[in-house]
Amino acid sequence: MWYHTIELAPGIVTPGWFDTRAVAPTLPIPASLAGLRCLDIGTFDGFWAFEMERRGASEVVAVDLADLRDCDWPDNSTAEVIAEIAGGPPQGTGFRIAADALGSNVKRHTSSIYDVGPDDLGYFDFVYIGSLLLHLRDPVRALAAARSVCRGRLLLVDAVDLGLTVLHPRRPVAGLDGNGRPWWWKANQAGLVRMLVSAGWVLDAKPLRFSMPPGPGHPPARPSVKVLRHAAGREALLRTYKGDPHCALLARPA
Ligand SMILES: C[S@@+](CC[C@H](N)C(=O)[O-])C[C@H]1O[C@@H](n2cnc3c(N)ncnc32)[C@H](O)[C@@H]1O
């Protein structure tokens, strides 16, 4: 399965779960990253790492797990669900195909975000972490580990709970899934900011809310009584028609 929609050659586009192509120019990533060392944590097929390379980064390192079985699975996950989610081609297959097609020099490094540190990786001027925190049991520990390798800016992008953001514009709150699959905390916008701050970062710009558009590989949800009855169904509908609510936060180490 392709997560990212990547144009490998003119007219040849991967059937991604999301299509991040129109989002990239709207995020606060410097138009030129010339001379900067950049890091993409949780790279999947590498869209954001390739984007940083395209913007002239002197070096890009892309970190991800060796296998989706190494994700933070809740203890009540069943072998069937793990096989369904993690049973595809080895993690990194899409990245390697895309890197070859694009002639990319991005280096893929196998590690959990919890284990990134300057001894292995050195320091980075620009760090990107996208749609990863919601899959982590301990997002604050992960953000603290990312801070240990950042000497410049972090762009944190993650899913936010829109309802909790509207209901509690200032109070940090999060919904907890943690039920049989590696989906954990979905914070409201204030919650995502608090995670950053409690991990030793300071915000550098106003939070930016946007929708992550589904890609050609995303099965569309159709409205029906059954779909509308459950929160997961309503979220899938929202994703199909409006995209997935996300927030982008630019930060630097405190
Ligand atoms: C939802 S995808 C997001 C892909 C990409 N970062 C983006 O923003 O489009 C989550 C990615 O995080 C990776 N991941 C999950 N747990 C991780 C961990 N503990 N450390 C590093 N990567 C992890 C997954 O393998 C997957 O590639």
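**Around strand E12**

Modeller: Before we start, this is a predicted model, where local features need pLDDT of at least 70, side-chain atom pairs count only at pLDDT 80 or more, and totals for chains, interfaces and linings use all residues. Residues are numbered from 1 along each chain as its sequence is written, and side-chain values use heavy atoms, with hydrogens and water left out.

Biologist: How many of the 10 residues of strand E12 are buried?

Modeller: Strands (E, at least two residues) and helices (H or I, at least four) are DSSP runs, numbered from the N terminus. Buried means under 20% relative accessible area, exposed over 50%, partly exposed in between (1.4 Å probe, protein chains only). E12 spans residues 244-253 and is largely enclosed by the rest of the structure, because the buried count is 8.

Biologist: Which residue of E12 is the bridge partner of Val157?

Modeller: Two strands pair if DSSP finds at least two bridges between them. E7 (residues 150-159) pairs with E12 in the antiparallel sense over 6 bridges. Val157's partner in E12 is Ala248.

Biologist: And which E12 residue is the bridge partner of Met212?

Modeller: E11 (residues 208-212) runs antiparallel to E12, joined by 5 bridges. For Met212, the partner in E12 is Asp244.

Biologist: Is Ala232 buried or exposed?

Modeller: Ala232 sits in helix H9, residues 231-242. Its relative accessible area comes to 56%, so Ala232 is exposed.
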